[in-house]
Amino acid sequence: MTPGLELSGVAHSYPGPGPVLQDLDLAVPVGGCVALLGPSGSGKSTVLRLVAGLEAPVGGRILIAGRDVARVPPQRRRAALVFQQPRLFPHLDVLDNVAFAPTVAGVRRRAARELAGRYLGLVGTEHLAGRRPGTLSGGQQQRVALARALASEPDVLLLDEPFSALDPSLRTEMHELLVQLRSVVEPTILLVTHDRHEAAVLADTVAILRQGRIVQHDLPEVLHARPVDLEAHRFLGGLNAVTGQVEAGVHVSSLGRLEVGAGVPEGPGTLVLRQESLSLCAAEASPTVTGSVVGVRTTGARAEVRVEVGGVVLVVETADRLRPGDVTGVVVPRAARHVVASGRPAPEQVERGVARQPAGEGV
Amino acid sequence: MSGHRAAASRARGPVGATGSALALVWLLAPVVPLLLWAAADRWQFPSLLPQDWGLTGWRASIDQGVLAAGARSTGLGVAVAAVATPAGALAGWALARTGLRENRAVSLALLAPIALPPFAVVTGLSTVVLRTGIPPAVSVLLVLTAAALPYTTYVMRSAYVGYDAGYEDAALSLGASRRDVLTRVHLPLVAPALTAAAFLAFLVAWSDYVVTLLLGAGSLVSLPLLVGALASASGNDSTVAAASVAAVVPPVVLLVVSGAIARRTGRR
């Protein structure tokens with residue numbers, strides 16, 4: 001199937017030191033949503049500007065709905081951008097903001113407004129039609145901005161951290177709205193965010209962008225459980241990394257000998273473990289390892305319990321209430337164990353990460 | 001609305017309120033005798049108010065050509081605003097996008113027409129204009145446009161410094177052509193600033209005396225020239241006052257109208 005959006009070998013640089021993007025490959029299936037996740041300055045927004053045609057790449061190809069858009073001006077790319085700031089036109093009321101795209105496309109005023117009314121209904125803001133943007137709350141403005149972008153009936157919807165300026169409860173509400181919109185209008189979405197929770201909640205797959213390169217692109221759960229390297233593990237909020245040696249499918253470290261599977265390359269390797277995948281149990285109940293609690297940090301309903309095991313501190317996210325000094329067992333499920341190269345990632349590992357795109361995810 | 005204003009003046013306190021009142025008196029006081037004279041048929045010392053009210057002054061000033069002079073001034077103001085506003089918008093746009101260093105040199109050059117004494121410059125220019133054979137009306141228009149440019153440029157520069165080009169990016173991504181972006185997004189967004197700039201340019205031309213007198217060489221009798229001529233020649237106070245009021249009222253009306261437009265389009 002032709003992807004809704006495809007970038008191959010895209011490179012970009014601004015005047016100044018270093019390229020912004022290098023040899024970037026990314027595909028978004030029709031009706032799918034891919035999140036581009038990266039720290040600030042990683043070049044995420046630049047990717048969106050390149051797709052929208054607001055910047056020209058120095059190399060590579062961009063295909064929207066199978067069409068090479070190298071020579072297509074932004075207004076004919078059918079790629080609608082929604083920014084962090086809603087940027088509703090202050091001189092137009094809400095209805096005319098949403099009717100903007102059909103109006104400039106030549107639709108008659110009345111028909112354009114009817115269409116706009118339908119899209120306002122889709123985002124639950126039809127009652128705001130006559131209001132000026134300046135009189136709306138931030139969440140309302142972003143809803144209208146989404147409706148305005150959808151009303152242009154784009155081939156690809158580009159979302160540039162659209163919810164990061166909203167407060168957490170409103171953000172959750174907008175996430176639900178977007179999930180609901182996806183089930184109704186099925187737009188092809190490329191979402192840029194620095195928030196891994198947002199990426200996981202909204203997108204089918206998540207690509208990690210670091211220093212202008214995609215280092216891993218996979219399902220959110222795979223990304224979290226099997227990060228391509230230590231940096232990705234840390235970036236995704238992973239708290240446990242234990243250095244050691246891999247010998248015949250067994251990781252040997254201060255934690256002891258933990259089976260990790262025959263396919264793991266021999267030699268030095270860092271065992272990365274998600275704190276959510278570990279659990280505590282009584283020291284007698286045959287845990288994987290046993291240690292003593294050295295710290296507890298409450299995160300709300302749950303807590304991060306720090307357990308020292310043979311000189312290594314493991315963080316376990318749990319609802320169990322323990323206190324420093326308690327002796328506890330830690331269960332490290334076989335499926336939670338993942339080994340990455342120690343130190344800098346080896347080049348072939350990066351390649352593998354990129355190659356492991358979730359092809360044929362049944363979209 | 002009035003509640004807001006009352007709250008605002010309360011917030012400023014008695015000192016602020018007194019200051020505002022004094023400023024208003026300072027501005028309006030000179031106009032009061034003018035208005036009284038324009039409506040006076042007879043007003044002799046030591047009476048505080050005119051003895052006879054009437055429109056004799058107005059009739060006389062119309063006979064003296066106030067309407068035609070007003071039309072000429074309006075034409076001149078509109079022409080200068082029509083040239084200086086877009087030129088100032090382009091210059092302001094460029095200045096808002098350049099570095100501070102280049103900016104300073106350009107700013108100095110722009111300020112020159114304000115800094116130099118107009119009489120000296122225009123006297124020199126009039127010789128040049130006579131020799132080159134440029135029609136007087138055209139030379140007046142050119143020089144007044146140069147005089148209005150610093151104002152329009154500065155107004156537009158401030159507008160463009162705070163201008164968010166992201167609105168245009170959004171419009172482009174929604175399918176708007178460059179032309180649509182200009183007419184449906186850019187111009188509406190800067191409309192309040194454009195209105196203010198055009199108003200200032202109009203005022204520069206409307207209130208000019210020296211340039212029109214020296215370069216116009218008598219062929220362009222604008223309202224200020226007529227008022228000046230009436231004041232120095234007739235000695236009829238109510239005629240002069242009526243002509244003066246005719247020169248004061250249009251800018252005030254324009255100010256109110258442009259203010260209303262700015263409020264309407266600038267609401268965010």
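## The sheet in chain A

Two strands pair if DSSP finds at least two bridges between them. In this predicted model, four strands of chain A form an open sheet in the order 2-1-4-5. The pairing is antiparallel. Which strands lie at the edges? They are strand 2 (21-28) and strand 5 (67-68) of chain A, and each pairs on one side only.

Strand 1 (residues 5-12) and strand 4 (residues 59-64) of chain A are joined by five bridges, in the antiparallel sense. One residue pair can be named here: Ser8(A) has Arg61(A) as its bridge partner in strand 4 of chain A. Helix 1 (residues 44-52) of chain A packs on the sheet. This helix touches strand 1, strand 2 and strand 4 of chain A. Its direction makes about 115 degrees with that of strand 1 of chain A.

## The nonpolar cores

In soluble globular proteins, nonpolar side chains tend to be buried together. Here the largest nonpolar core has 119 residues. Which members touch the most others? They are Val51(A), Val98(A), Leu158(A), Leu190(A), Val80(B) and Ala201(B). Helix 9 (residues 178-206) of chain B gives the most to this core, with 15 residues.

Take Val98(A) as an example. Leaving aside residues up to four places away in sequence, Val98(A) touches Ala116(A), Tyr119(A), Leu120(A), Val144(A), Ala147(A), Arg148(A) and Ala151(A). There is also a second, separate core of 18 residues. Its members include Val272(A), Val309(A), Val332(A) and Val339(A).

## Where the chains meet

How many residues of each chain are in contact with the other? Chain A has 21 in contact with 17 of chain B. On the side of chain A that touches chain B, the elements giving two or more residues are strand 6 (79-82) and helix 3 (100-104) of chain A. By class, this side of chain A has 13 nonpolar, five polar and three charged residues.

## Confidence

The model scores ipTM 0.84 and pTM 0.83. Chain B has a mean pLDDT of 86, and 92% of its residues reach 70 or more. Where in chain B is confidence lowest, and where is it highest? The lowest is in helix 1 (residues 2-28) of chain B, at a mean of 72. The highest is in helix 8 (residues 166-173) of chain B, at 96.

Over residues 5-9 of chain B the pLDDT is below 50. Beyond near neighbours in sequence, this stretch has one contact in the model. Where pLDDT is low, the predicted coordinates should not be read in detail.

Conventions: Residues are numbered from 1 along each chain as its sequence is written. Chains are lettered from A and ligands numbered from 1 in the order in which they are written. This is a predicted model: local features need pLDDT of at least 70, side-chain atom pairs count only at pLDDT 80 or more; totals for chains, interfaces and linings use all residues. A nonpolar core is a set of buried Ala, Val, Leu, Ile, Met, Phe, Trp, Tyr and Cys residues joined through C-beta atoms within 7 Å. A residue is buried if 20 or more other C-beta atoms lie within 10 Å of its own, exposed if 12 or fewer, and partly exposed in between; C-beta atoms are placed from the backbone. Two residues are in contact if their C-beta atoms, placed from the backbone, lie within 7 Å. Ala, Val, Leu, Ile, Met, Phe, Trp, Tyr, Cys and Pro count as nonpolar, Asp, Glu, Lys and Arg as charged, and the others, Gly among them, as polar. Axes are lines fitted to C-alpha atoms, for helices over the stretch in contact, and angles run from 0 to 180 degrees between N-to-C directions. pLDDT is the predictor's confidence in each residue, from 0 to 100.
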